[in-house]
Amino acid sequence: QEAAEQMAQLAQQQGGVTQETSSLLMPGPKPAGQEQIQEQIARQQQEIADELGDLEDPEGELLGRPEEMAEEAAEIARQLALDGPTQETLERQRRLFRRMLDAGRSLEDEDLDPNRRESETGRAGPRAPPEIDPDLLRGRRFPLPSEAALRELPVFYRALIFDYFDRLNRSPASRSSADRRDPP
């Protein structure tokens, strides 16, 4: 629980440092004292690296291994101190931030649900498909007009004709009257 809280706090700090780095890379006029801001960001990044290195994870429960994240944070701090903020360092900071969030969540999830359940595969056997309605197999009682005849009509009328024949062919009353007559 304590490790999860520490990781969440460090992730927040990392998010702040990442945001500051991002603001320095924005186009436009640079703020006064940019070098001091860059040094401050590098120091903050190194502090995060030190705290990650001090984070105790005796049982190895933290996702992402804090020692690896500490090394990455220290490398980012060195790069910030030498080259200043670059797009590459910003991307590395974002990846580190996401890893830290994932590590904190992994512990929270374990603490929240001590009776964690595993998923199981389904046990239902195969089913036979439903039978096909014989009316569908017979085809249409009243076939649609030919394509040539429909082409002569406006599009609006074609839609009405299709709808009319669909209703005619589905209607039970039309089936009984059609059964009395032989189709032409």
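Aspartate 163 and arginine 167 join their side chains in a salt bridge (3.3 Å, N to O). A salt bridge here is a side-chain nitrogen of Lys or Arg within 4 Å of a carboxyl oxygen of Asp or Glu. The two residues are four apart in helix H7, so about one helical turn separates them. Helices are DSSP runs (H or I, at least four residues), numbered from the N terminus.

This is a predicted model: local features need pLDDT of at least 70, side-chain atom pairs count only at pLDDT 80 or more, and totals for chains, interfaces and linings use all residues. Residues are numbered from 1 along each chain as its sequence is written, and side-chain values use heavy atoms, leaving out hydrogens and water.

The structure holds six salt bridges. Three of them are tabulated, including the one above.

| Pair | N to O distance |
|---|---|
| Aspartate 163 and arginine 167 | 3.3 Å |
| Glutamate 147 and arginine 151 | 2.7 Å |
| Arginine 78 and glutamate 75 | 2.9 Å |

Glutamate 147 and arginine 151 lie in helix H6 (residues 147-151), four residues apart. Both are exposed. Exposed means over 50% relative accessible area, buried under 20%, and partly exposed in between (1.4 Å probe, protein chains only). Arginine 78 and glutamate 75 sit three residues apart in helix H3 (residues 66-83). Arginine 78 is partly exposed, at 45%. Glutamate 75 is partly exposed too, at 31% relative accessibility.

Helix H7 (residues 155-170) also carries phenylalanine 156. Phenylalanine 156 is exposed, with a relative accessible area of 58%.

Helix H1 (residues 2-24) has 23 residues, and its end C-alpha atoms are 34 Å apart. Among its buried residues are Met7, Leu10 and Val17.

Notes:
The expected span of a helix is 1.5 Å times one less than its number of residues.
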